[in-house]
Amino acid sequence: MKIQFKILAVALVAGLIAAPAFADDYDEDEGGGAYVALSIGHGIINHGCAAGLANCYDNRATAYFATFGYQFTPMWALEANYGRAGYISSATSDILLLTLSVSGVATVHMTDSLAAFAKAGVTYGDFRASSPTAVPYNINPSGYSPSGGVGLRFNFTPHLSLRLEGDYLGSYSALAGAPQMHIVAGTAGLMWQY
């Protein structure tokens with residue numbers, strides 16, 4: 001087990017253990033508790049085609065994510081997010097990027113039906129080549145990076161919301177000697193708070 005994974009796991013467990021201390025006086029009828037969200041949108045791997053793949057023709061793709069979170073106070077939440085963040089298409093091989101993020105989320109409620117949020121955390125990026133034997137490059141299969149995002153949440157009911165967000169999912173060196181790739185995604189999705 002890599003040391004980065006151990007550090008990430010310890011930070012997540014410490015956050016989950018300490019979080020109830022912040023939530024002592026929080027009324028769950030006001031929107032607290034666990035939530036799930038499913039989002040779909042557009043992901044871009046900036047500098048993906050500049051990374052050295054022969055005949056690279058696209059670095060944009062559909063992005064989709066599944067999110068699980070817990071709202072501890074009206075302002076603070078912790079969430080984990082997993083999904084497909086991007087795709088690079090080239091003549092020699094296609095490279096898929098899957099990400100797993102853990103983030104702290106700060107929410108500002110502007111009205112009863114509208115809130116803005118920002119999040120910051122760490123993302124694990126997993127690069128997968130469609131035909132590894134045909135790739136004449138040394139692909140780094142994974143890496144960690146700081147990440148963050150901003151968005152708006154429109155509440156239809158006390159439990160159902162629409163989330164619009166833009167995420168920066170980190171910078172990675174997928175190919176040895178190539179410039180770092182910067183991953184961004186814009187998504188829309190439904191959130192259910194129970």
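This is a predicted model: local features need pLDDT of at least 70, side-chain atom pairs count only at pLDDT 80 or more; totals for chains, interfaces and linings use all residues.
Visitor: How many helices and strands make up the secondary structure of the protein?
Guide: Read along the sequence, the pattern is α-β-β-β-β-β-β-β-β-β. The secondary structure therefore comes to one helix and nine strands.

Visitor: What percentage of the contacts with a separation of 6 or more is accounted for by residues 24 or more positions apart?
Guide: A contact here requires heavy atoms within 4.5 Å. Among the contacts in the protein with a separation of 6 or more, the share from residues 24 or more positions apart is 61%.

Visitor: Are the rings of Tyr70 and Phe72 stacked, edge-to-face or tilted?
Guide: A pair of aromatic rings is described by the distance of the centres and the angle of the planes. The count of aromatic pairs comes to three. For Tyr70 and Phe72, the ring centres lie 4.8 Å apart and the planes meet at 50°.

Visitor: What kind of aromatic pair do Phe127 and Tyr172 form?
Guide: Their centres are 5.7 Å apart, within the 6.5 Å limit for a pair. The angle between the planes is 75°, and an angle over 60 degrees makes the pair edge-to-face.

Visitor: How many residues apart in sequence are the parts that the pair of Phe127 and Tyr172 ties together?
Guide: Phe127 is buried at 5% relative accessibility, and Tyr172 is buried at 3%. Phe127 belongs to strand 6 (residues 114-129), and Tyr172 belongs to strand 8 (residues 160-172). The pair therefore ties together parts whose separation in sequence is 45 residues.

Visitor: Which residue has the backbone nitrogen that the side chain of Thr73 reaches?
Guide: Thr73 is found in the loop between strand 3 (60-71) and strand 4 (76-90). Thr73 is buried, with a relative accessible area of 10%. At 2.9 Å, its side chain reaches the backbone nitrogen of Trp76.

Key: Residues are numbered from 1 along each chain as its sequence is written. Side-chain values use heavy atoms; hydrogens and water are left out. Rings of Phe, Tyr and Trp (its six-membered ring) pair if their centres lie within 6.5 Å; planes under 30 degrees apart count as stacked, over 60 as edge-to-face and the rest as tilted. Helices (H or I, at least four residues) and strands (E, at least two) are DSSP runs, numbered from the N terminus. Buried means under 20% relative accessible area, exposed over 50%, partly exposed in between (1.4 Å probe, protein chains only). A polar contact is a pair of N or O atoms within 3.5 Å; within protein, one must be able to donate a hydrogen and the other to accept it, and residues adjacent in sequence count only if both atoms are side-chain atoms.
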